[in-house]
Amino acid sequence: MARKTPEINSSSMADIAFLLLIFFLVTTTMDVDTGIYKKLPPIPEDEQLNDDVKVKKRNVFSILVNRNNELLVNGEVLSISALREKTKEFFLNPQNLENLPEKALKNVPYFGDVMVSKGLISLQNDRGTRYETYIRVQDELAAASRELKDEKSVQKWGKKYAELDDDQKAAVRKYIPVQISEAEPRNTGGK
Amino acid sequence: MSKFRKDGKKDLPAISTASLPDIVFMLLFFFMVATTMREVDLNVDIMVPEAKEITKLEKKDLVSNIYVGVPMRKFTKTYGTEPRIQLNDQFATVADIQAFIASERESRKEELRNKLTTSLKVDQYTKMGIITDIKQELRKASSLKLNYSTRQTAE
C-alpha cells in the first residue's frame, strides 16, 4: 500500500488567482476610442447652392488655413496658440465694438433676456493643409467654446458646463451659440 | 543501487495537481494581457493627432472606421507612399466609400442604422485634400455623424 503524500493545502490558491486577476484588471488599459465629434452638414439642394445665406462681414470669423499650415484670421496672420483668445474675444465682444459681431436680444431659459452674439465661425482649409493642423484648429475652437460656456455656467450655477443637467446645458448652448461652418470645398489652384 | 532505494517496494507518489489551475490561470492571464482586440489588420501606418477637447466614442458597435495613412512598408511597392484609404481589410479609393457605408448600414439592425458614426482614423501628416473628398462622399451617403479620432494630449 502506497504511503499517502500529504495533500498540499490549496485553499489559498483561489486567493492567489484572484489577486492576479485583480492586478491585471486594474492595470489593463482598454483602448478607448476618443476623438473630436462633428456633425457634417447635409448636401445642399441644387437651388440652394446659389442662395447662400448672406451674413454681415462683421459677424463672420473667417479662418483660412493655407498649405503651409498658416492661419489667416479675418485678414491677419495669427498663430494657432492665439486663436483661442481671439475666438473668445470675437464672441464676447465686451465693448460692443463696430468690427466685432452684433448681438441680439434673446430670451434664454434660466438666464432671461440676454444679448446673444450673432457671430459665426467660417473655416476654410487648403487641400494641402496638414490634417494635424486642421485638428488643432478644431481643438482650439472647441476649447474656446467650452471656456465660454464654462464661464457662463460658473457665473450662474457655480458649476462647470460639463456638470450641468441637460436643460441647463441647452440653455447655455442657446446663450453661447458657437457655430462652425466649413466652407464647401472649392478646387482652386489644384492640389 | 540500493544506496538510493531504501525502500524498494514503495510506489511512486502521485504528483499533486493542486498547482495546475494556477498554471492555467497564469497562461490565461498572459494571453489576456498580450492580446489586443482588433477587428481589422491595418495596412497603413496611422499616428492620430493629439487634441484636448475630446469625447469618448461610445457604443463601439455603431462605429465604422475609415483608415487613412501611408501604406506600410510591405505594401509600398504596390501602393506607393502617398496616403491611401483603407476600408475593412483592403485598400480602397474615395469612390468605394459610399458602397462601404451602405454595407455597414446593411449589417446593422434596422432601427440602429441612422445612429451609425463614422470614425476617421487619419495619420497626422496626411493632407486635407483626401479628407475633404472623404467628407464629401460621406455627405453624399448621408452619413453625417463623424468622429475625428485623436489622442489625448499628454498634460
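How are α3(A) and α4(A) oriented relative to each other, and which term describes the pair? In this predicted model, helix α3 of chain A and helix α4 of chain A, the latter spanning residues 166–175, pack at an angle of about 125°, and their axes lie 10 Å apart. Since angles from 65 to 115 degrees count as roughly perpendicular and those over 145 as roughly antiparallel, α3(A) and α4(A) are therefore oblique to each other. The crossing in which α3(A) passes α4(A) is right-handed. On the side of α3(A), the contact is made by K149(A), K152(A), S153(A) and W157(A), and on the side of α4(A) by Q168(A), V172(A) and Y175(A). Sorted by class, the residues of this contact comprise three nonpolar, two polar and two charged.

Helix α3(A), which covers residues 131–157, also packs against helix α2(A), residues 80–92, at an angle of about 40° and with the axes 9 Å apart. That angle makes α2(A) oblique to α3(A), and α2(A) passes α3(A) in a right-handed crossing. From α2(A), the residues I80(A), L83(A), R84(A), T87(A), K88(A) and F91(A) take part, and they meet R136(A), V137(A), E140(A), L141(A), A143(A), A144(A), E147(A) and L148(A) of α3(A). The residues of the contact between α2(A) and α3(A) divide into eight nonpolar, one polar and five charged.

Chain A contains an open sheet of five strands in the order β4-β3-β2-β7-β8, with mixed pairing. Strands β4 (76–78) and β8 (180–182) of chain A stand at the edges with a single partner strand each, so one side of each is left without a neighbour in the sheet. From one strand to the next, the twist averages 30°. Strand β7(A), residues 120–125, is joined to β8(A) by three bridges, and the two strands run parallel; here S122(A) stands opposite S181(A) of β8(A). Helix α2(A) lies across β2 (60–65), β3 (71–73) and β4 of chain A, and its direction is at about 15° to that of β3(A).

A further pair of strands in chain A is formed by β5(A), residues 103–108, and β6(A), residues 112–117, which pair in the antiparallel sense over six bridges. Within this pair, K106(A) stands opposite V114(A) in β6(A). The hairpin of β5(A) and β6(A) has three residues between the strands, and in it Y110(A) takes a positive phi near 75°. Strand β5(A) is hardly covered, the count of buried residues among its six residues being zero.

In chain B, the secondary structure comes to four helices and nine strands, and from the N terminus on its elements follow the order α-β-β-β-β-α-β-β-α-β-α-β-β. Buried residues make up 23% of the 155 residues in chain B. Of the contacts in chain B with a separation of 6 or more, 75% are accounted for by residues 24 or more positions apart.

The contact between the two chains takes 38 residues from chain A and 46 residues from chain B. On the side of chain A that touches chain B, the elements giving two or more residues are α1 (13–27), β1 (34–39) and α3 of chain A. Of these, α3(A) gives the most, with eight residues. By class, the residues of this side of chain A divide into 19 nonpolar, eight polar and eleven charged. Strand pairing also crosses from one chain to the other, for β1(A) is joined by five bridges to strand β8(B), residues 145–149, and the two strands run antiparallel. In this pairing, the bridge partner of Y37(A) in β8(B) is N147(B).

Notes. Residues numbered from 1 in each chain as written. Chains lettered and ligands numbered in written order. Predicted model: local features only at pLDDT ≥ 70, side-chain atom pairs only at ≥ 80, totals over all residues. Axes fitted to C-alpha atoms, helices over the stretch in contact; angles between N-to-C directions. Parallel < 35°, antiparallel > 145°, perpendicular 65-115°, else oblique. Left-handed = near helix turned anticlockwise from the far one by under 90°. Contact = placed C-beta atoms within 7 Å. Nonpolar A, V, L, I, M, F, W, Y, C, P; charged D, E, K, R; others polar. Pairing = 2+ DSSP bridges. Buried ≥ 20, exposed ≤ 12 C-beta atoms within 10 Å, placed from the backbone.
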